[in-house]
Amino acid sequence: MSTTLFQITDLRVSFELPEERVEAVKGISFEIQRGEILGIVGESGSGKSVTALSILQLLALAARVEGQIVYHSAASKKIDLLKKGTNIRDYRGKKIAMIFQEPMSALNPVFKVGKQIVEAIQTQQRIDKKAAKNIALEWLEKVQLGDIERIFQSYPHQLSGGQLQRIMIAMAMSSEPDLLIADEPTTALDVQVQKAILDLLKELQAKRQTSILFISHDLAVVAALANRVLVMRYGKIVEAGTIEKVFYHPQHPYTKGLLACRPPIDKKLHRLASIEDFETAEEHLTPKLTHSDATTFSEKTTIHKEEILLHVDQLSVWFANQKNWLGRPKSYVKAVQEVSFELKRGETLALVGESGSGKTTLGRSILRLNPVRSGQVFFEGQPILETSKKEMRQWRKQMQIIFQNPYAALNPRMPIGFSIAEPMKVHGIADSKKRTLELLEIVGLKAIHFSRYPNEFSGGQRQRICIARALALQPKFIVCDECVSSLDVSVQAQILNLLKDLQEEFQLSYLFITHDLSVVRFMADRILIMKNGSIIERGTAAEIFEQAQTDYTKLLLEAIPRGV
């Protein structure tokens with residue numbers, strides 16, 4: 001029997017848009033072997049996700065798909081999935097499952113997550129609800145979710161991005177498919193949970209010889225998991241081969257550029273390399289996965305900042321967990337517990353911790369987007385939790401947030417240009433369109449994108465739009481909630497360099513919430529480690545990375561993917 005499971009030949013995907021015809025995938029061919037983990041890396045918009053969605057025929061009706069996608073069944077039959085039409089449903093789930101990039105858009109917001117997992121399991125295995133629930137709870141435990149009964153009974157909006165991503169992973173893996181398509185499955189996960197999920201994927205692959213098509217912009221994760229890798233750019237495969245060949249002996253300039261953009265974990269650089277920096281200087285591109293071209297850039301010197309911009313004093317945030325028949329809370333989820341810290345002008349303070357530790361809740365509460373149980377927040381010496389709504393509007397011009405989920409943060413009925421310009425119009429800033437076009441260029445988009453809607457962009461492109469909107473009012477303080485987690489390494493390098501440039505020019509202060517410790521190493525002046533709603537360790541970036549004190553911090557550092 002052939003070891004080939006899927007054979008993709010001359011795949012072409014194009015979209016008819018009002019102003020142009022866009023060819024997203026341009027005649028690519030590759031094979032997926034049984035039991036193989038094949039990685040796909042490339043920039044946002046390179047065609048990675050479109051290729052994956054083509055296999056399951058999940059693209060919009062406006063998409064034109066040509067070529068062959070042949071599935072080699074266990075009975076040695078060759079089945080061209082592009083000719084199956086509506087019968088493709090027979091292969092979705094049981095034969096081919098997918099972990100989607102954006103769990104909030106993939107889950108139905110009006111149904112509890114447990115109901116959705118049970119429904120997916122029953123569709124594939126035809127068992128009763130009780131048996132399906134047992135399987136669902138077992139998989140929720142496997143993906144390292146705590147309090148699984150509560151999560152089973154929760155709606156999507158009641159859970160964090162990392163928790164939702166693990167639910168999607170559990171739902172896809174519960175059917176034990178022949179091919180698992182994983183589209184950025186660990187983007188929203190902290191390093192410890194990410195390691196557990198990668199180990200789980202390896203276990204599934206080893207036990208059932210499940211093939212995995214793993215799409216990611218995190219080169220270290222791909223190197224740690226995959227057997228082979230495809231590098232895509234502008235809808236084409238520019239390089240392919242084993243991990244050893246592609247990551248340690250790259251041939252194509254673009255591949256070399258991707259590897260050079262990754263923030264190193266073992267040193268702190270002043271600026272990151274970008275692909276554009278090396279387009280005309282190919283000899284400077286480094287072939288190492290975990291090291292950037294450190295000789296090109298000077299090390300950042302220690303910065304001493306004195307002026308306190310933000311002071312958080314004993315802040316606690318509780319949410320009602322259960323209510324009695326009168327609607328009064330019976331028990332609480334203590335999301336944030338008596339947290340105190342200071343942020344100085346021009347400083348980057350990183351907030352690191354596992355999913356559900358309270359990082360996002362803390363960031364939102366500082367901006368009065370969540371109700372606070374106790375404590376105080378002082379911005380430029382003023383207690384902002386006590387100000388009126390009218391007074392708070394003026395403070396909001398100085399305090400912005402880049403949300404974790406770009407899909408939920410943008411109005412789907414509003415062109416992205418209007419979304420970026422809206423805060424400028426609210427605050428009476430002139431020439432908002434001109435400024436919007438400048439911001440689009442700054443974050444790597446084009447003027448032609450001004451009138452397009454959010455659904456016409458990839459996840460990474462949508463995040464860039466959200467970053468542009470946060471920068472529109474030129475604030476003094478920005479909460480960056482996983483703001484680069486969905487970006488590929490080349491765009492991530494551009495955005496991180498941009499954030500640093502803006503910080504140096506305008507003395508911006510960042511509360512940088514992330515699970516990517518390599519990004520923390522590059523961005524942070526100081527680091528707070530958060531667990532179960534409390535700060536358990538704090539210090540400078542050098543102190544945390546080189547002399548971690550708590551066992552939890554040491555575990556986080558040990559779980560960082562190191563590649564091959």
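Where in the protein chain is the place of Glu184? Glu184 sits in the loop between β7 and α7 (191–208). Some notes on the rest follow.

1. Basis. This is a predicted model, in which local features need pLDDT of at least 70 and side-chain atom pairs count only at pLDDT 80 or more, while totals for chains, interfaces and linings use all residues. Residues are numbered from 1 along each chain as its sequence is written, and side-chain values use heavy atoms, with hydrogens and water left out.

2. Fold content. The protein chain has 20 helices and 20 strands. Helices (H or I, at least four residues) and strands (E, at least two) are DSSP runs, numbered from the N terminus. The radius of gyration is 24 Å, close to the 24 Å from the globule rule for 564 residues, so the chain is as compact as a globular protein of that length. That radius is taken over C-alpha atoms, and the rule is 2.2 Å times the number of residues to the power 0.38. Along the principal axes, the C-alpha atoms fill a box of roughly 70 × 65 × 50 Å.

3. Of the 564 residues, 55% are buried. Buried means under 20% relative accessible area, exposed over 50%, partly exposed in between (1.4 Å probe, protein chains only). Take the contacts (heavy atoms within 4.5 Å) between residues at least 6 apart in sequence: 69% join residues at least 24 apart.

4. Nonpolar cores. A nonpolar core is a set of buried Ala, Val, Leu, Ile, Met, Phe, Trp, Tyr and Cys residues joined through side-chain atoms within 4.5 Å. The largest has 98 residues, and Ile167 and Phe214 touch the most other members. Beyond its neighbours within four places in sequence, Ile167 is in contact with residues including Leu107, Val113, Ile117 and Leu140. A second, separate core has 34 residues, among them Leu56, Tyr91, Leu230 and Met232. In soluble globular proteins, nonpolar side chains tend to be buried together.

5. Two backbone points to check. Most residues other than glycine have a negative phi. Glu176 has a positive phi of about 45°. Glu176 lies in the loop between α6 (161–173) and β7 (179–183). At 33% relative accessibility, Glu176 counts as partly exposed. Glu184 also has a positive phi, near 50°. With 5% relative accessibility, Glu184 counts as buried.
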